[in-house]
Amino acid sequence: MVNEIYLTNSLSRKKELFVPLVPGFVGMYVCGPTVYGAPHLGHARPYITFDVLYRFLNHLGYRVRYVRNITDVGHLVDDADEGEDKIAKRARIEKLEPMEVVELYTDKFHEAMRALNNTHVSIEPRASGHIIEQIEMIQRIMDNGWAYVSNGSVYFDVLKYSKSHDYGKLSGRIIEDLIAGAGNERRELEGQEEKQNPADFALWKKAAPEHIMHWPSPWSEGFPGWHIECSAMSTKYLGETFDIHGGGMDLLFPHHESEIAQSKGACGKSPVRYWVHNNMITINGQKMGKSLGNFINLEELFTGEHKLLEQAYSPMTIRFFILQAHYRSTLDFSNDGLKAAEKGLVKLMNASEVLNKLHASEKSTSDIPAWRKACYDALADDLNTAITIAHLFEAVRIINSVNAGTETISANDLDVLKKTFNDFVFGILGLIRETNDSGADTDKLMKFILSLRNDAKSKKDFATSDKIRDELAAYGFKIKDEKDGTVSWTKD
RNA sequence: GGUCCUGUGGCCGAGUGGUUAGGCAGAGGUCUGCAAAACCUUGUACAGCGGUUCAAAUCCGCUCGGGACCUCCA
């Protein structure tokens, strides 16, 4: 059992040995989706990445509390609708209640997560269900003198805070630049005139009259600022300091930087020990973005209905595709890449079936214990799923070779191989066999048809046997003559 | 404009001072009635230029290309 995991900590930008705050327990918070739109390809990456981290930590014996929020309040929409709540905007377009929209897309998000086999979350708190906690945290920040009220809104005083704290450390930002409003490109944001300083950020926003989602607070009828929900909910469920906070790299600034400031402002201590960030998925080299309009929904990916898609890709193909790259690298979407992943996954799954019928010999021709260690080492080294998968394909080669009789494996090694291979493929990487669930009737029919084909073959009537095989292939049933004389089949 | 990341063979994608990444595709072979699958062999790589070093794809500098953040975003 490997106990030493290294993770790249965005705070230090280095790989660090992971040591949990409390031995044996891990608290992990991952920024969840804003549920005002359909889940897309970009959502797949962080939740698959941190699902694998969660599974691996669990596998190593840690008890992990994994918190992933649902953002269903606040947040500004694009510049055409400055100051308007995103959810409110969608609600008006679709003539739905805001919380109806939230329910709809929360369900869609859950469906997508299930399809991708991101199944385990300990707590999934909603921002709208934690308004009180957020107000309390804002009050603590104010009591400590790090925030001020302006026209019913509350802002975090970044300038004052930065004089005694390292604001900008996580994201590599320099406070002077932020204050100077560096970048002539900076867009005029709504509410800027209420701030004492352009670098300040909102903790509470007073709602405009047309704003649909709002709550009472000591300062105004309004809604929480853009970052406070994560601070309030992570503190509530994981404590003032916890082990791992994950999310996409695009959240580094200002979201996570602000979270740190808020938590320190409220509790006086750093909230997170290991900040872990996954890189973006790009399409034709460019980041997918809601405002860029180039994003692909997961549903579209699964059905193939999108102009960029040449075919449908199954959820496991997406998962495998994402895991073939390291989480800290950008991953460029392409049909060729997805198709290659699809075939590789089939090869891996086929081998897992062959593995179950392997026979042991006196001794092994491959070093199985060394292979096992390599698998653990790869994942423990900053969750390098790409290398882990490369090792799994080495196992595929061994499995197929033993099956073909060109290699042998001892009974003991076979046990280790089975256990480790299954642990990694299914348990840790979280892949599942996507069966086509043909049903018992199909099984019977196939058995009958294949017996006819066998009769034809034994009479050397290859015209008939080939016709059967070709016809079945046209329906998506692939026939395979095994070495031992049996015939197996798969459905596309 | 500021900060940071990145450029690997036909495609995707690891590695980061000396040792095979891996997958997909291509070529040849074994097996097969023919296939499929599997196995074996196999080619074109580290953007360009310069520097450090016994040794660089890997470190440093410059040039060129791509991208991210600075605004909601996974």
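## Close-up views of a predicted model

View 1. In β4, G27 finds its bridge partner in R65. This view, like the others here, comes from a predicted model. Strand β3 (residues 25-30) and β4 run parallel and are joined by six bridges. They belong to an open sheet of four strands, ordered β4-β3-β9-β10, in which the pairing is parallel. At the edges sit β4 (63-68) and β10 (272-278), each of which pairs on one side only. On average, and with direction ignored, neighbouring strands of this sheet are turned by 20 degrees against each other.

**View 2. A three-stranded sheet with mixed pairing.** Here the strand order is β12-β11-β13, and the sheet is open, with mixed pairing. Its edge strands are β12 (286-287) and β13 (331-333), and each pairs on one side only. Between β11 (residues 281-283) and β12 there are two bridges, and the pairing is antiparallel. For a landmark, look for I283, which stands opposite Q286 in β12.

**View 3. The hairpin of β5 and β6.** Strand β5 (residues 147-150) runs antiparallel to β6, and four bridges join the two. One pair to look for is S150 with its bridge partner S153 in β6. Two residues lie between the strands of this hairpin. What is the phi of N151, a residue other than glycine? It is positive, near 55 degrees, and N151 is found in the loop between β5 and β6.

**View 4. An aromatic cluster around F156.** Ring pairs link W146, F156, Y161, Y167 and F201 into a cluster. Across the whole structure, a search finds 14 aromatic pairs. One of them is formed by F156 and Y161, an edge-to-face pair with 5.2 Å centre to centre and 70 degrees between the planes. F156 is buried, with a relative accessible area of 0%, and Y161 is buried as well, at 1%.

View 5. F477 and W489 form a tilted aromatic pair, 5.6 Å centre to centre with 55 degrees between the planes. F477 lies in strand β14 (residues 477-481) and W489 in strand β15 (residues 487-491), so the pair ties together parts that are 12 residues apart in sequence. F477 counts as buried at 13% relative accessibility, whereas W489, at 24%, counts as partly exposed.

**View 6. Helix α7 and the glycine that follows.** Of the 11 residues of helix α7 (residues 228-238), 10 are buried, so the helix is largely enclosed by the rest of the structure. The buried residues include I228, C230, M233, Y237 and L238. E229 is buried too. After the helix comes G239, whose phi is positive, near 105 degrees.

**View 7. A cis peptide bond at P254.** The peptide bond from F253 to P254 is cis, and its omega is near 5 degrees. To find the spot, look in helix α8 (residues 252-267), where P254 is found.

**View 8. L383, with a positive phi.** Where is L383? Its place is in the loop between α12 (368-380) and α13 (385-404). L383 is not a glycine, yet its phi is positive, at about 55 degrees. L383 is buried, with a relative accessible area of 5%.

View 9. Y6, L17 and V19 make a nonpolar surface patch of about 220 Å². V19 is found in the loop between β2 (14-17) and β3. With a relative accessible area of 41%, V19 is partly exposed.

Notes
Residues are numbered from 1 along each chain as its sequence is written. Chains are lettered from A and ligands numbered from 1 in the order in which they are written. This is a predicted model: local features need pLDDT of at least 70, side-chain atom pairs count only at pLDDT 80 or more; totals for chains, interfaces and linings use all residues. Side-chain values use heavy atoms; hydrogens and water are left out. Two strands pair if DSSP finds at least two bridges between them. Axes are lines fitted to C-alpha atoms, for helices over the stretch in contact, and angles run from 0 to 180 degrees between N-to-C directions. Patches are made of residues with over 30% relative accessible area and no salt bridge: like charges are joined within 9 Å, nonpolar side chains (Val, Leu, Ile, Met, Phe, Trp, Tyr) within 5 Å. Accessible areas come from the Shrake-Rupley method with a 1.4 Å probe; for residues, only the protein chains shown count as cover. A salt bridge is a side-chain nitrogen of Lys or Arg within 4 Å of a carboxyl oxygen of Asp or Glu. Buried means under 20% relative accessible area, exposed over 50%, partly exposed in between (1.4 Å probe, protein chains only). Rings of Phe, Tyr and Trp (its six-membered ring) pair if their centres lie within 6.5 Å; planes under 30 degrees apart count as stacked, over 60 as edge-to-face and the rest as tilted.
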